[in-house]
Amino acid sequence: MKKTTFLLPVVVLFVVALLSSVFIVDEREKALVLRFGRVVDVKEDPGLAFKVPLIDEVVTYDDRILSLEVGPLEITPLDDRRLVVDAFARYKIVDVKQFRQAVGAGGINGAETRLDKIMRAATREVLGSVSSNDILSSDRAALMLRIRNGAISQAEGFGLEVVDVRLKRTDLPQANLEATFSRMRAEREREAADEIARGDEAAQRVRALADRTEVELVSEAEREAEVIRGEADAERNAIFAAAYGRDPEFFEFYRSLNAYEGALKGNNSSLVLSPDSEFFNYLKSSRGTAGSQ
């Protein structure tokens, strides 16, 4: 009984010590074994690994390719046309021991702060040595490669490898962008005004042609109407002349009746004339002849 009581704590302590000395290295990670802050071992292969319990500390770092977003960066190319550039970088920790020694306990955040400065400097250096047209053209792939190569040598001091660099956005600054938009808007408004002026000119020509055509048609119609009216009057006069030649007395009688009809229109007409007026010759004649009384 006493022996069992003595062995049980020993077994428990042994198991705890054994479990404390074992750790697992994930296939997506690399591990450092630190003893009082000093690197004593590097574990890069996945599987079980061992450390001294209560003394050693295990620090793991991501072994995958990581991304770093480089915020908006204003650059000035050779042609002094300022641009705002956004970029991102792909990087990987290739030497965890050197990485630890360079960034200390800052880890990934500390490394990305330093890498961001490297990327900004390399981007300014490369893009500042070319014109804005080169940056906006298909030569961007070569420029991104130059930025990557410029950042690689500096990142190696931190145990990092810059895998790739990409330019996401290349725009004019906001003030320049607004000025460009204003200029484009003014050009479009000028073109619209020119189109409107040309349209008004064409419309004026069409209206003038239509007015002239209208005047010509109306004039021609009035001329033809006057000709027809003249011909009709001539024919009427010829008919009256022929009728007068056949029976002058009837013609005078007919003309008198038309005169009476025109003078005595309506139900309440009054006509004041002298009794011996020639206008009433046919009204006073009992035989219907002008010469009889």
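## Exercises on a predicted model

In this predicted model, helix α7 (residues 248-263) gives the most to the nonpolar patch, contributing 4 residues.

**Exercise 1.** Work out which residues make the nonpolar surface patch, and in which helix F240 lies.

*Solution.* Begin with the members of the patch, which are F240, F250, F253, Y254 and L257, together making a nonpolar surface of about 450 Å². Then place F240, which lies in helix α6 (residues 174-246).

**Exercise 2.** Describe the order of the strands in the open sheet, and explain why β3 and β5 are each left without a neighbour on one side.

*Solution.* The sheet is formed by 3 strands in the order β3-β2-β5, with antiparallel pairing. Since β3 (38-43) and β5 stand at the edges and each has a single partner strand, one side of each is left without a neighbour in the sheet. From one strand to the next, the twist averages 30°. Looking at one pairing in detail, strand β2 (residues 29-35) and β5 are joined in the antiparallel sense over 7 bridges, and L34 stands opposite E57 in β5.

**Exercise 3.** Classify the aromatic pair formed by Y61 and F99, and state which parts it ties together.

*Solution.* The ring centres are 5.2 Å apart and the planes stand at 80°; because planes over 60 degrees apart count as edge-to-face, the pair is edge-to-face. Y61 lies in strand β5 (residues 56-62) and F99 in helix α2 (residues 96-103), so the pair ties together parts that are 38 residues apart in sequence. Both Y61 and F99 are buried.

How values were computed:
Residues numbered from 1 in each chain as written. Predicted model: local features only at pLDDT ≥ 70, side-chain atom pairs only at ≥ 80, totals over all residues. Heavy atoms only, no water. Phe/Tyr/Trp six-rings, centres within 6.5 Å; stacked < 30°, edge-to-face > 60°. Helix = DSSP H or I, 4+ residues; strand = E, 2+ residues; numbered from the N terminus. Buried < 20%, exposed > 50% of the residue type's maximum accessible area, 1.4 Å probe, protein only. Patch = residues over 30% accessible without salt bridge, like charges linked within 9 Å, V, L, I, M, F, W, Y side chains within 5 Å. Areas by Shrake-Rupley, 256 points an atom, 1.4 Å probe, with all protein chains shown as cover. Salt bridge = Lys/Arg side-chain N within 4 Å of Asp/Glu carboxyl O. Pairing = 2+ DSSP bridges. Axes fitted to C-alpha atoms, helices over the stretch in contact; angles between N-to-C directions.
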